[in-house]
Amino acid sequence: MEKRTFTYVALGLLVWAISGTVVAGYYFAQYKTYQNEYENLASELNTLSGAVVDLSDTLSGTMENVSENFTGEFNTLSGSMKDLSEIMESISLKVNILLSYGNGTKTWHNNTALPLGSTAFTAILAVTDIEYKDYGEDLGILVTSVNGRGNNSTHGWLYWYWDAQNAKWVLPEYAASKYILHRGDTIAFAYESYAMWPPPPPT
Amino acid sequence: MRLLPTRHLVLLIVLSALCVGIQLTPRPPNVEFTSLVVFLVGAIFGISFGATLGILVMFINGFFSPWGFAGLMLPFQVTGMVIVGVGGGLYRRTRVGLYDSASCIEAAVLGAFLTLIYDIITNFGVAVSYMLIGMPISLAFVNAVISGALFSVIHVVSNTFVFGLTFFPLTNVLQKLIGGEKTWKKEPLLT
């Protein structure tokens, strides 16, 4: 090989060797850097994972306590509601109310809850729109109109109660405000003619 | 003192201006034509002109480079470019015969080698800056070389191609311009 050629080949190889070494060093340094970063990240991930597990345990315990407390509170509240319901039941009554408009139209208001001491008058007052006239302490209150259907010279609103023992409707001889209701009573307000007395009971 | 013919002087001035202009032009990092022009001037006008142009260009570059003031790197960059200019001058003395594909390979190898030397010197400058903040010299140098490895590879590879592909065609044109001679006569060039 000519000396000149040898010189340039040697120079080329030297450049290649130095460049290759430098690049290898660069990649080794990069490798170490990224390896360290990877190890640090893995370590942080482990720490974070442990923290998440601890947090999960703590959260689970807290949720359990909250659940227990909630269940206890709920049971207490449920008991209170039951007591309240019993109290409410003890100071109220339920009755069935029939409205008969004399033209075949009849409306039942079953299991209507009313306070203890309610009368037939307060019962109809609670379930529909009425007009009435108060005749004082002795005579009581007369219902004069129900849902716009009012008393006149030939027809008027009469009330009845159901005698369960004898299985028949009874027409009381006193005002609706005087009839004290009992639990399970069935009463009727019927629009009837005065032409026949006593009028026929509601059916 | 040797006096230059006017045509040579004008060519030298134009090349110097071109060299400074290219060096200060924004460009990808470490892709440059300064080394080629300095080497070319050294090869055509001799060691002293090559070295002087190297000093001039890197000095101006040190203050006006788009990458900012060179600072501590300035003397190392100047030294590196002086070596490139001197390399061109020395090559002028050794080269005989018409250029061919082997000559292009020669120029490419020389370009790569001189660029590598330049990078080693400038990396040493970086190492000195590391040493100033307390790093041991060997560690500082290895650190500087390794951290600049990718830039060095870009520099060396790009200059390998620049020198290999353009040095002889440019030399041929310039030789014709200044004297009408054939490029690389059988005997060493005389200007």
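Colleague: Is Gly184(A) buried or exposed?

Modeller: Gly184(A) counts as exposed, because 12 C-beta neighbours lie inside 10 Å. The cut-offs are 20 or more other C-beta atoms within 10 Å for buried, 12 or fewer for exposed, and partly exposed in between, with C-beta atoms placed from the backbone. This is a predicted model, where local features need pLDDT of at least 70 and side-chain atom pairs count only at pLDDT 80 or more, while totals for chains, interfaces and linings use all residues. Residues are numbered from 1 along each chain as its sequence is written, and chains are lettered from A and ligands numbered from 1 in the order in which they are written.

Colleague: Where does Gly184(A) lie?

Modeller: In the loop between strand 7 and strand 8 of chain A. Helices (H or I, at least four residues) and strands (E, at least two) are DSSP runs, numbered from the N terminus.

Colleague: What does Leu171(A) touch?

Modeller: Leu158(A), Trp160(A) and Pro198(A), not counting residues up to four places away in sequence. Contact requires C-beta atoms, placed from the backbone, within 7 Å. Ile187(A) is 16 residues from Leu171(A) in sequence, and their C-alpha atoms are 9.9 Å apart.

Colleague: Now the sheets. What is the strand order in the sheet of 5 strands?

Modeller: The order is 2-1-8-6-7 in chain A, an open sheet with mixed pairing. Strand 2 and strand 7 of chain A are at the edges with a single partner strand each, so one side of each has no neighbour in the sheet. On average, neighbouring strands of this sheet are turned by 30° against each other, direction ignored. Two strands pair if DSSP finds at least two bridges between them.

Colleague: How many bridges join strand 1 to strand 2 of chain A?

Modeller: 8 bridges, between strand 1 (residues 92–100) and strand 2 (residues 106–115), which run antiparallel. Ile97(A) stands opposite His109(A) in strand 2. The two strands form a hairpin with 5 residues between them, and Gly102(A) in the turn has a positive phi of about 75°.

Colleague: How do strand 1 and strand 8 of chain A run, parallel or antiparallel?

Modeller: Parallel, joined by 5 bridges. Leu98(A) has Ala188(A) as its bridge partner in strand 8 of chain A.

Colleague: What does helix 2 of chain A lie across?

Modeller: Helix 2 (residues 120–127) of chain A lies across strand 1, strand 2, strand 6 (155–163) and strand 8 of chain A, at about 110° to strand 2. Axes are lines fitted to C-alpha atoms, for helices over the stretch in contact, and angles run from 0 to 180 degrees between N-to-C directions.

Colleague: What is the order in the sheet of 3 strands?

Modeller: 3-4-5 in chain A, an open sheet with antiparallel pairing. Its edge strands are strand 3 (130–134) and strand 5 (149–150) of chain A. 5 bridges join strand 3 to strand 4 (residues 141–146) of chain A, and Tyr132(A) stands opposite Val143(A) in strand 4.

Colleague: On to chain B. How many helices and strands?

Modeller: Chain B has 7 helices and 0 strands. Of its 191 residues, 39% are buried.

Colleague: Why is helix 2 of chain B said to be largely enclosed?

Modeller: Because 12 of the 12 residues of helix 2 of chain B are buried, among them Thr34(B), Phe39(B) and Phe45(B). Gly46(B), with a positive phi near 115°, follows helix 2 of chain B.

Colleague: Which residues have the most contacts inside the largest nonpolar core?

Modeller: Val38(B), Leu40(B), Val41(B) and Met81(B), in a core of 37 residues. A nonpolar core is a set of buried Ala, Val, Leu, Ile, Met, Phe, Trp, Tyr and Cys residues joined through C-beta atoms within 7 Å. Apart from it lies another core of 23 residues, including Ala123(A) and Val143(A).

Colleague: Last one: how many residues of chain A are in contact with chain B?

Modeller: 11 residues of chain A, in contact with 12 residues of chain B.

Conventions: Contact = placed C-beta atoms within 7 Å.
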